[in-house]
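Please keep the sequence and the model in view while reading the answers.

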Amino acid sequence: MEFSIKSGKAEKQRSDCVIVGVYESAKLSEAAASLDKASKGFVETVLKRGDIDGKVGSTLLLHSVPGTEADRVLLVGLGKHGALAEKDYRKAVIASVKALAKTGAKNVANFLSEVNVSKQDAAWKVAQMVEAARDSVYRFDAMKGKKDKEDKQAKGIEKLDIHVAEKEVNHETKEALKQSAALALGVSFTKDLGNLPPNVCTPTYLAEQALSMAKTYGLTVQILEREEMQKLGMGSFLGVAQGSVQPPKMIVLQHNKGKKNQKPVVLVGKGITFDTGGISLKPGEGMDEMKYDMCGAASVLGTMRAIGELKLKRNVIAVIPTCENMPSGHATRPGDIVTSMSGQTIEILNTDAEGRLILCDALTYVERFKPAAVIDIATLTGACVIALGAVHSGLFSGDDALAEDLLSAGRQSQDTVWRMPLDQAYHDQLKSNFADMANIGGRPGGSVTAACFLSKYTEKYTWAHLDIAGTAWKSGAAKGATGRPVPLLVNYLLA
Ligand code: BES
Ligand code: MN
Ligand code: ZN
């Protein structure tokens, strides 16, 4: 979908559809009033017939409205007359795009961006419209048969003109458009990677994506193979990988567009392309969803894509340990002890706690970049889903300033995080009789002890951990990746 910022009269738009808002009790938005005047009261007449009540998100499609140049007019309910709440604006915008999905309208002029939203400016409204529009037309049909694809391709908006007042066609709104379009691209890339089946989206596939992104955006890329990782002493990561026939990869993708001496932000993403649990096998029901166990990696790649599009003047490095967690004759057993790159030994009491085992070596590896901050993103624990559900991602950090920045980026992007504890008191749960630590800390505080485990590998730099197990994908009828926390990460990097 293409976007542009426009200003002009609703009745003068030569498009397939003009979208204008109406309030409850038949009150018209400015654009709707302008249409009404041009059509000599046609809009009012329709409203009086009572086919649309003006409730937020209600819609009514009109054809060949007299006195207007567009083929169609879509009326969209905005609720009670007056400034809209943020969430109502979003709801109305989503409804407007959804209503057109089933029509033949391709070029669309949306005037909802002209209505007042409390406490928000035109730039915000533009950004929200871009993101909501992209989101509501997102489909994942890469794996559908040819016929299904052709049926769907015929429909859908191709070009969306976002209308604002004349004086608001300025640098701010244009920047907002650019940023939100780049973010939307990153989000949909992340969703695609997450939604791909695990027999396609393998560690090798993720590495290929990084290689092709490096070409497109002029990034530096390095893929570490098993032999190199053996030399580096990544016994913990390779222990997880050894049960699978898929070769593990460590992807290092560098966006070096900031000042030479500027310390980089490093993003580390968990890339388990399928998590069976290993020898500590997971129950069969719903196991297909463990294809999403690479959503941390996918969100890091999506973020790199967004900042690549924006040519962001910062140094950002993505590091992705990626492999499968499979049971086999080669797999690690409960009781096995591995030595991590840091030198610390780990007793594997449960092979299903594999995320931390691949992340710990990646977290040691990134020390070489002398990072300003390291943020790891992982679908790490079921316990985090129990604690926070699908609303907030879990945020763990010993650094208050970094935590505050991430909390604020979450609020601004509506991709929120909730801060969780990391107290020393939880560390006792990770004690092992035979190694430096165990890889599990029991059921109580499971997301916290997982974060505590990681913290033992991050003492040399400022670090935060995001547990996205509850937020990275949806289950049920609308099963699919959400693209979170790409909005949060891009917002954080832009700040
Ligand atoms: N990938 C899972 C975490 C997960 C579970 C994410 C459910 C989303 C939904 C992770 O590798 C895992 O299996 N964690 C275990 C840890 C336990 C063995 C200490 C868990 O959460 O059950
Ligand atoms: Mn697991
Ligand atoms: Zn996992």
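**Sheet, helices and metal pair**

Q: Helix α6 (residues 171-195) runs at about what angle to β1?
A: Helix α6 lies across β1 and β6 (159-163), contact being heavy atoms within 4.5 Å. Helices (H or I, at least four residues) and strands (E, at least two) are DSSP runs numbered from the N terminus. With axes fitted to C-alpha atoms, for helices over the stretch in contact, and N-to-C angles running from 0 to 180 degrees, the angle of α6 to β1 is about 170°.

Q: What kind of model is this?
A: Residues are numbered from 1 along each chain, chains are lettered from A and ligands numbered from 1 as written, and side-chain values use heavy atoms without hydrogens or water. Local features need pLDDT of at least 70, side-chain atom pairs need 80 or more, and totals use all residues, in what is a predicted model.

Q: Which strands stand at the edges of the sheet?
A: The open sheet has six strands in the order β1-β6-β5-β2-β4-β3, with mixed pairing; strands pair if DSSP finds at least two bridges between them. Each edge strand has a single partner, so one side is left without a neighbour in the sheet. The edge strands are β1 (2-6) and β3 (59-63).

Q: Which residue coordinates both the manganese ion (ligand 2) and the zinc ion (ligand 3)?
A: The protein donors of the manganese ion (ligand 2) are D275 (OD), D352 (O), D352 (OD) and E354 (OE), 2.1 to 2.2 Å from it; donors are N, O and S atoms within 2.8 Å of the metal (3.2 Å for Na, K and Ca), with water not among the atoms. The two ions are 3.2 Å apart, and the residue that coordinates both is D275.
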